[in-house]
Amino acid sequence: MTIETPGKTPGTPAEGEIRDEDLQEGGLASDLDDDWDDDDEDEDDGLDMLPPPEAPASVPVDEQKTGFFAVIGAPNAGKSTLVNRLVGSKVSIVSPKVQTTRSRIVGIAMHGPAQLVFIDTPGIFRPKRRLEKAMVQAAWSGAGDAGDGLLMMIDAKRGITDDVRLIVDGLKAEGRRAWAVLNKVDLLAREKLLPLAAEVDGLGIFDRIFMISAENGSGVDDLADALAAIARKGPWMYPEDQASDVPLRFLAAEIVREKLFLSLHEELPYALTVETEAWTEKPDGSARIDQVVYVQRESHRKIVLGAGGRTIKHVGSAARTELQQILERRVHLFLFVKVRESWADDPERYREMNLDYPR
Ligand SMILES: Nc1nc2c(ncn2[C@@H]2O[C@H](COP(=O)(O)OP(=O)(O)OP(=O)(O)O)[C@@H](O)[C@H]2O)c(=O)[nH]1
Ligand SMILES: [Mg+2]
């Protein structure tokens, strides 16, 4: 076993500027735009992909390398934070709540001559509800598709929890090995790290153990170097200007779901789903995005809207600001909150979430 401790700590990138929006009062739907006009629109499907922050220098094909890695772990370990940091842009949403990621999301990182393809996965735990089963199934299937290695992320602050043991047992049953990535080391005193690493090593399936902070970047470059070193010689699998495999219309719905996760509490974030219904390109270069937030009860709808529509307006405003930064153009975001009691048992909703429907 090798234990890698973090070296230098790169700075956190500057936060994007948040503009105050002049919001209108709205009821059921939240139209967050003030000067929306409806002519000359072009229907578009929003199926374009997200480009990386800057195009990497081109590398001759015979020097190119590719690696496919899955990032698995218990809910909230920091998997999506790590994938975003490796990619250099936000491809997967993040929140302080468990079970934020619901489906597998591919993030593509360029690292010197290597294209590192990461499968971000939902957290693995003991699922009860149908949606939870679909999420955990997607996580294991993501783990199965990692041709070049498996990164098992462990929240160093929480240590070896029941969920961690559950995952380790699952890997052992399949005779699989992995690299352990102890995350959130910024929250832990240094002297507690080595005993934890020894304990993790004792689980018996890890070839290497890394210690990182996905949040502040500490140790992440060393991890990327190590992954690039084991990537296979061979041409890149994705165009070098592609950061993810998720269509923009899916990412747009995820961004809204993230803001809902941040604004709502208790069971509510788990009782809703967001879908992009329409994506329209405007001649002035802006995009109109229409989305539906499905909730399960009228009482939930009231909470999502908030008094005088305040909650949905806040969510829409935060989502629009971020979408404008990502898309680098003006966005008109229309959110509709609909009650659909049984959306979590509707196969069509699972297709929209890019999940298999568990019977
Ligand atoms: N202090 C600290 N917080 C972190 C670190 N990495 C992630 N977090 C926080 O941990 C929380 C969960 O991060 P996510 O990236 O959403 O975790 P995840 O493993 O993708 O979670 P699920 O998708 O729910 O399984 C967020 O609040 C992150 O900001 C870290 O290195 N240090
Ligand atoms: Mg996640």
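I began with the crossing of H6 and H8, which is right-handed. The model I am reading is predicted.

**The H6 and H8 pair**

I looked up where the two helices lie: H6 covers residues 248-263 and H8 covers residues 310-327. Their axes are 9 Å apart, and I noted a packing angle of about 135°. That angle makes H6 oblique to H8.

Next I listed the residues that meet. From H6 I wrote down Ala252, Ile255, Val256, Lys259, Leu260 and Ser263. Facing them in H8 are Thr311, His314, Val315, Ala318, Ala319, Glu322 and Leu323. I sorted the residues of this contact by type and got eight nonpolar, three polar and two charged.

**Helix H1**

Is H1 buried or exposed? I found nine of its nine residues, 79-87, to be buried, so the helix is largely enclosed by the rest of the structure. The buried residues include Lys79 and Arg85, as well as Leu82, Val83, Leu86 and Val87.

**The whole protein**

I then stepped back to the totals. The protein has nine helices and 13 strands. Of its 359 residues, 42% count as buried. I also looked at contacts with a separation of 6 or more: residues 24 or more positions apart account for 74% of them.

Key: Residues are numbered from 1 along each chain as its sequence is written. Chains are lettered from A and ligands numbered from 1 in the order in which they are written. This is a predicted model: local features need pLDDT of at least 70, side-chain atom pairs count only at pLDDT 80 or more; totals for chains, interfaces and linings use all residues. Axes are lines fitted to C-alpha atoms, for helices over the stretch in contact, and angles run from 0 to 180 degrees between N-to-C directions. Helices (H or I, at least four residues) and strands (E, at least two) are DSSP runs, numbered from the N terminus. Angles under 35 degrees count as roughly parallel, over 145 as roughly antiparallel, 65 to 115 as roughly perpendicular and the rest as oblique. A crossing is left-handed if the near helix is turned anticlockwise from the far one by less than a right angle, and right-handed if clockwise. Two residues are in contact if their C-beta atoms, placed from the backbone, lie within 7 Å. Ala, Val, Leu, Ile, Met, Phe, Trp, Tyr, Cys and Pro count as nonpolar, Asp, Glu, Lys and Arg as charged, and the others, Gly among them, as polar. A residue is buried if 20 or more other C-beta atoms lie within 10 Å of its own, exposed if 12 or fewer, and partly exposed in between; C-beta atoms are placed from the backbone.
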